[in-house]
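This report covers a sheet with its packed helices, and a helix pair in another chain.

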Amino acid sequence: MTDALLDVRGLEAGYGAGRVLFGIDLQVAAGSVTALLGANGAGKTTTLRALCGLIRLQGHVTLGGQRIDGMATEEIVRLGVAHVPDGRGTFTGLTTEENLRMGACTRRDKAGVREDFERFYEYFPRLKERRHQQAGTLSGGEQQMLAIARALMLRPKLLLMDEPSFGLAPKVVQDIFRIMRRVREEQQVAILLVEQNASLALELADHAFLLETGRIALAGPAAAVRSNEAVRAAYLGGST
Amino acid sequence: MQKKLLFVALLAAACVLPFVLPSYAVFQATMVIAYALALLGLNLLTGYNGQISLGHGAFFALGAYVAAMLMEQAGWPYWATLPAAALAGGVVGYLFGLPALKLDGVYLALATFALGVATPQLLKYKGFEAWTGGSQGLVLAKPEAPFGLPLNSDQWLYFFSLAVAIALFAAARNLLRGSAGLRVVAVRDHAIAAQAMGIDNARVKTLTFGISAMYTSVGGALSAIVVQFVAPDSFSVFLSITLLVGAVVGGLASLSGALYGALFIQFVPQLAEQVSKAAPWAVYGAILLALMLVWPTGMAGGAARLQTWFNRRRQP
Amino acid sequence: MNAFFAQLMSGLATGGIYASLALALVMIYRSTHHVNFAQGEMAMFSTFIASMLLQAGWPYWAAFFATVVIAFVMGAAIEAVLVRRLRHAPVLAIVVVFVALLVILHSLAGWLFGYTIRSFPSPFAEAAVAGGLLSPHQLGAIGVTLLMLALMYLFFRYSPLGLQMRATAENPTSSRLVGVRVNRMLALGWGLAGAIGAVAGMMVAPVVFLDVHMMSGVLLYAFAAAVLGGIGSAPGAVAGGFIVGVLENLLGTYVVGAELKLSVALVLIIVVLVAKPSGLFGKAIVVRV
């Protein structure tokens with residue numbers, strides 16, 4: 001894909017002396033959903049952190065043709081990249097609504113922001129109910145929704161999602177994925193989705209990359225990855 | 001083996017010192033010993049147990065005044081005031097450690113800072129004036145060497161302090177090496193894990209506070225005996241800050257650090273003062289900054305690193 | 001009864017001064033979650049700068065505003081050069097650095113401006129005297145404090161920049177992830193605190209006279225005020241300041257005697273931190289794990 005929104009070549013990253021990623025290539029097309037799969041410790045979270053500049057990296061990362069590797073996180077974000085981190089990253093001391101306002105803090109279009117507030121309160125009615133409540137008191141699922149909504153308030157071109165299903169009850173996970181499907185239809189945002197829950201991710205995604213101990217082991221359209229024998233055995237429970 | 005030889009050599013040198021140096025230098029050396037004990041106390045609390053104190057000057061003052069009052073007002077012999085100062089320090093430290101339990105990090109620093117700032121006022125309190133001598137303080141008589149030994153006062157006090165210090169340092173060393181020491185450090189490094197392992201964090205912390213205050217008190221008592229004078233304004237918050245500087249510069253969580261730190265706080269201000277009246281504190285500040293930003297382990301850390309480097313080179 | 005009332009009023013007056021320095025402490029805390037032990041010395045240093053400008057012939061308000069701007073720049077510079085490096089340092093290192101800052105500013109002031117006490121003018125001296133118990137300056141100082149309080153409260157509660165600063169203090173990483181330029185926020189917080197401290201210093205100096213030790217005691221009372229009111233709460237700090245001022249005066253006059261006033265602050269700090277750490281007006285933050 002030469003016209004990819006996000007183009008990553010030879011990404012290497014790690015923490016201190018420990019290297020985690022050993023040269024990753026991946027692409028995300030504008031408006032598409034790309035899944036990044038892999039077991040615990042494969043390097044999925046590290047990849048997302050490197051992409052938004054939270055950790056040091058080597059390699060070539062371009063967003064819409066512009067090099068972003070080496071840029072400060074806040075500058076990458078201002079170019080249109082939103083990250084929903086593992087752990088949600090909620091501002092626990094602020095209210096729900098203040099969290100959302102923070103998501104919009106770099107935007108200049110007041111009318112657009114108001115529109116988005118209405119729209120996201122409609123996607124996530126529970127957030128609307130709790131909008132003046134301190135965000136730290138929300139449940140895990142609600143905080144996840146808040147994190148997603150806050151990221152969407154940036155009106156990003158690219159949304160990086162780190163394990164949205166983590167630690168959540170199955171019903172809540174379904175709700176969240178349903179919303180993500182809706183987001184993907186109604187907004188023109190590309191999503192790079194990191195998930196341990198491979199089957200859920202592959203249902204939603206257009207393309208998929210499989211990460212194994214810091215290297216891309218498999219890449220291709222989601223359907224192809226889903227029907228791959230090795231993937232089925234290791235990540236999808238082995239059933240046909 | 002090497003370490004023991006080094007220690008014996010240093011001890012021998014220390015014993016020879018008072019006979020080759022002029023009286024004033026011997027006096028300074030004795031002050032270094034007093035400060036080293038005070039710093040050992042602070043080190044125990046902050047370095048080994050992780051509780052920050054910006055108010056240890058208060059315990060130094062406590063020991064100094066207990067010694068002074070017992071000597072001047074109650075006629076006690078100077079050597080008997082040391083156990084009294086130790087007891088006073090231990091008790092007050094433990095009591096202060098009780099509410100301090102609930103405070104962590106910056107808040108404890110804040111509370112101890114308040115203690116350090118309030119100390120001179122407490123010492124000047126009119127109600128205690130009969131004992132403390134109020135703003136004027138107390139003047140003490142200089143002890144003579146006992147049993148007619150052929151030593152002058154300065155030399156005698158030096159050996160006396162040295163003996164006390166060696167005993168107390170050895171006690172601290174044994175304490176830290178034993179299971180008590182492990183508990184103290186465990187509480188510093190990982191309070192939750194320590195508690196999960198059955199360590200009574202509260203008890204460890206308050207006891208450490210008490211023991212720390214005890215050591216600093218003894219240092220204060222010695223300093224009072226040596227200087228022969230106590231007055232409230234010598235024990236301002238800047239004394240507490242000086243002690244902190246000494247502990248940090250010497251190297252926290254290290255017994256030898258107390259000695260390095262004491263040497264630092266005794267001699268560096270005198271050198272700096274020759275440049276300007278304001279200089280000593282500027283020097284303190286600058287060095288503190290440099291250490292925190294660049295070299296956090298202090299002089300003891302530097303010495304340890306030198307040792308490692310030396311050892312590595314000796315291997316073929 | 002009259003004497004008691006006089007003490008009360010006098011307590012409120014000194015309380016207003018403690019409150020203004022406490023506001024600077026709160027500003028730093030709200031924007032960086034740090035407790036700045038050097039706040040008093042920063043304020044003292046700024047007041048000396050004002051004094052130099054006045055001596056050079058500047059009119060009062062010109063010197064006042066110039067000093068506030070200089071103090072802002074100094075505060076921001078200290079953050080950018082020094083505090084920023086401590087981002088991930090342990091608490092002890094941070095406390096030591098602030099103490100070092102205190103010490104350096106103290107000695108720098110002594111070296112640059114000397115140790116002799118000097119007087120400092122009040123802008124309110126000629127104003128009409130209202131109510132016999134408080135001098136024009138005391139009233140003016142209280143007014144200035146309340147004005148700063150109002151501005152701070154509105155700033156943090158309602159302005160977008162204030163929200164960004166609160167978020168940055170609480171969670172710098174998440175703030176970056178929404179595009180906040182964190183470095184600027186932190187420098188801004190320190191700059192504002194420096195400016196507030198300068199105002200506090202210029203209100204204190206006419207009363208206690210200007211010298212390098214001017215702020216040592218005041219800092220302690222300001223800490224007591226901030227702790228009592230809740231170190232993250234501006235209205236709390238001001239209320240705390242007035243309470244501390246009145247308590248100090250009343251206890252000092254009727255109970256413990258003037259010499260033990262600082263001990264009142266000490267006891268207050270310990271009692272509040274142990275019994276209700278979030279202060280009278282601070283809210284405890286609950287986090288669901």
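Two residues are in contact here if their C-beta atoms, placed from the backbone, lie within 7 Å. The model is predicted.

**Helix pair in chain C**

By that criterion, Y221(C), A224(C), A225(C), A226(C), L228(C) and G229(C) of α9(C) meet a set of residues in α10(C), among them G236(C), A237(C), G240(C), V244(C) and E248(C). Sorted by class, the contact of α9(C) with α10(C) has nine nonpolar, four polar and one charged residues. Helix α9 of chain C spans residues 214-229 and helix α10 of chain C residues 234-255; their axes lie 7 Å apart and form an angle of about 125°. Because of that angle, α9(C) counts as oblique to α10(C). The crossing of α9(C) past α10(C) is right-handed.

**Sheet in chain A**

In chain A, six strands make up an open sheet of mixed pairing, ordered β6-β7-β8-β3-β9-β10. β6 (81-84) and β10 (215-221) of chain A each have a single partner strand, so these edge strands are left with one side lacking a neighbour in the sheet. From one strand to the next, the twist averages 15°.

Strand β3 (residues 33-37) of chain A runs parallel to strand β8 (residues 190-195) of chain A, and five bridges join them. L36(A) has V194(A) as its bridge partner in β8(A).

Two helices of chain A that pack on this sheet are listed below.

| Helix | Strands touched | Angle between directions |
|---|---|---|
| α1(A), residues 44-51 | β3, β6, β7, β8 and β9 of chain A | about 145° with β7(A) |
| α6(A), residues 140-152 | β6 and β7 of chain A | about 175° with β6(A) |

Key. Residues numbered from 1 in each chain as written. Chains lettered and ligands numbered in written order. Predicted model: local features only at pLDDT ≥ 70, side-chain atom pairs only at ≥ 80, totals over all residues. Pairing = 2+ DSSP bridges. Helix = DSSP H or I, 4+ residues; strand = E, 2+ residues; numbered from the N terminus. Axes fitted to C-alpha atoms, helices over the stretch in contact; angles between N-to-C directions. Parallel < 35°, antiparallel > 145°, perpendicular 65-115°, else oblique. Left-handed = near helix turned anticlockwise from the far one by under 90°. Nonpolar A, V, L, I, M, F, W, Y, C, P; charged D, E, K, R; others polar.
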